[in-house]
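Q: Could you take me through a close look at the interface between the two chains? I would like the cut-offs spelled out as you go.

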Amino acid sequence: MNDRITQLQKIVKESNSICINSEFLDYEGIVSYYPEELIITVKAGLIIKDMRKELNKNNQDLMFFVDDENISIGAAYANGGQDLSDSVLGVQIIDGNGNLLNFGGQVIKNVAGYDVSRLLVGSKGKLALITEISFKVLPNFYVEKLVKPLKQKASSKAHKVIEQKLKQVFDPKGIFK
Amino acid sequence: MSIIKDLLKEIVPKDIVIFGQENTRVFECDGLSAYKKKPLVVVLPENIEQIKQVLKICNLHNIPVITRGAGTGLSGGATPIEQSLVLGLSKFNKIKSVDVENRLAVVEPGVRNIVISETVKKYGLYYAPDPSSQIACTIGGNVAENSGGIHCLKYGLTIHNVEAIKIITIEGEEITFSRQDYGIGLLALLHGSEGLLGIIIEITVKLKPISQSSKLIMAGFNSVRDCANSVANIIKKGIIPAGLEMMDKFAIEAAENFAKVGYPLEANALLLCELDGDEQSVENEFKKTIEILSIASSIKVADEEKQISKLWKGRKSAFPAVGQISPDYYCMDGTIPRRYLADMLEQISKLSKKYNLAVANVFHAGDGNLHPLILYDANIAGELEKTEKFGMDILKLSVKFGGSITGEHGVGIEKLNAMCYQFTDKELDIFHKIKKVFDPKSLLNPGKAVPELHRCAELGAMHVNKGKLPHPEIERF
């Protein structure tokens, strides 16, 4: 087992309150990248610029519009966005109980279980600590025309109620602030 | 039964409430016909108010609700359970509006997949996801299963082609989820939720412009491994074909026998590769692809719509084709990383010998989604059980290779045991809790999609460590 992951699990288990911030950025780097599979798995602290550099070496790129290349991929995932969500294939997370969980995977098609890896896109670090993310990537040629996504609509009351209940599923003690 | 009395009292016209041994028989299974169960009652509502009335009555009597589209699902998602009500949405079959400028269509859940494309063809548009059952399957079911199809390598799954959906919760509340929503991915959560979270009553689908130009290359191979490697080589070259499908010898013979479209019967493997886009890019990709496919034993190119759909027809009718040569077949749906395609095929072939059951292989090779069809005869005692064991071995292998037990058919009742291999207890527990958020009394399609934890314990299933083969660099098998 990865030492840093064990350490992060311990931190989550022992805290009453965690704000996911730059302190976690040291969990970074590429876990696996198979250009012929069009799939990359990265640790959440990886800076987007460095991720794209690696992809560009193989004439590939991310499938979503990137506003600021200097933030981590985990931060972009937490901020959300539909285009980013479209390219997510899997996540590894530490939930509010300190459990290490995997959802989705490293394959393009996967309908086993609810789509938690896309559910947590836009969760702002309030549901779980995201440790690793797998993305589908594409050859440069196919991602040339990316545009900034439309501004999102405010949540309705019904959405907020569901979100609140889902927070309790992932973080029953309410430690992620 | 008091629920039937209540339904008849509240719902007009009465003939949309169906009950009795004979009348409910057509609803006793979906496309997974090995499992059958008659529901207590079936209701085929004609409007939203009726759906709400039905849900209210079910809530009152604690009767489980099984939502059903066209019943073409292959995993038993629409199979009734004991004392359940089947809510058939086949009468919700209207395309409510088409917004040509923004390339959107608002449709009811019972609209058949192909009808959307047929309706918007006059605007030069189509709806991209095309499951093989597209002439029959409904868009509501597509969302519930997050269906794919032969063109999802380039154009995405259902989830990538839906702008918004409206659901009714078990409590009767209407909620809309859209791609523009702020916050977590609730729209994504509803996709592939197999009728466990809400009743989908309206879908806004995204439409795509019909490609200017397309070409379909059909390549026959002497060696299965060469065919599998060509798939990887095409993608490595930076080409994303609109469709990239592979069939083995048995599947080629069955499909040709059924559809008579001119597949090369002497080949051991067949690759169908469709390129589309503007003329220039198709031409570029075509040149590169033909070069990669120079190791093929035969090549045929089709570039007009009629020829192309004819060649696809063989592939799309592969399941019924196999159904014609075997009393029964069992279709698997595992996905694996593409690099293991050839290894997986060899393993399946070994298992086929071990179990003494023939297998026809059809693959969405481009996205690593395999559909081995195991041929069996349900009338021979013990053969279904043997087939299921064989199937489970294939699914376990899929997980071992770092893939998934289901790429597009869903878990339903069929793959409950297999779920125990892909997920840990703690992950399954999260799924159960998510369901509770939407359906606290567990009335919507209960017992499907996610196994109870005790089921996994009784099975003695050890969750397989996904993709973590020791020394993955070593070639195997």
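**The interface between chain A and chain B**

A: Between chain A and chain B, about 5100 Å² of area is buried, with 62% of this coming from carbon and sulfur atoms; buried area here is the accessible area (1.4 Å probe) that two parts lose on being put together, summed over both. A:Lys109, A:Val111 and A:Tyr114 supply 19% of what chain A buries against chain B, more than any other three residues. This is a predicted model, in which local features need pLDDT of at least 70 and side-chain atom pairs pLDDT 80 or more, while totals for chains, interfaces and linings use all residues. Residues are numbered from 1 along each chain as its sequence is written, chains are lettered from A and ligands numbered from 1 in the order written, and side-chain values use heavy atoms, leaving out hydrogens and water.

In terms of contact (heavy atoms within 4.5 Å), 48 residues of chain A meet 69 residues of chain B. There are 4 salt bridges between the chains, each a side-chain nitrogen of Lys or Arg within 4 Å of a carboxyl oxygen of Asp or Glu. A:Asp86 and B:Arg179 form one through their side chains, at 2.4 Å from N to O.

Now for the elements, where helices (H or I, at least four residues) and strands (E, at least two) are DSSP runs numbered from the N terminus. On the side of chain A that touches chain B, α4 (82-87), β5 (100-104), α5 (116-119), β6 (129-139) and α6 (157-170) each supply at least two residues. The largest share, 8 residues, comes from α6(A).
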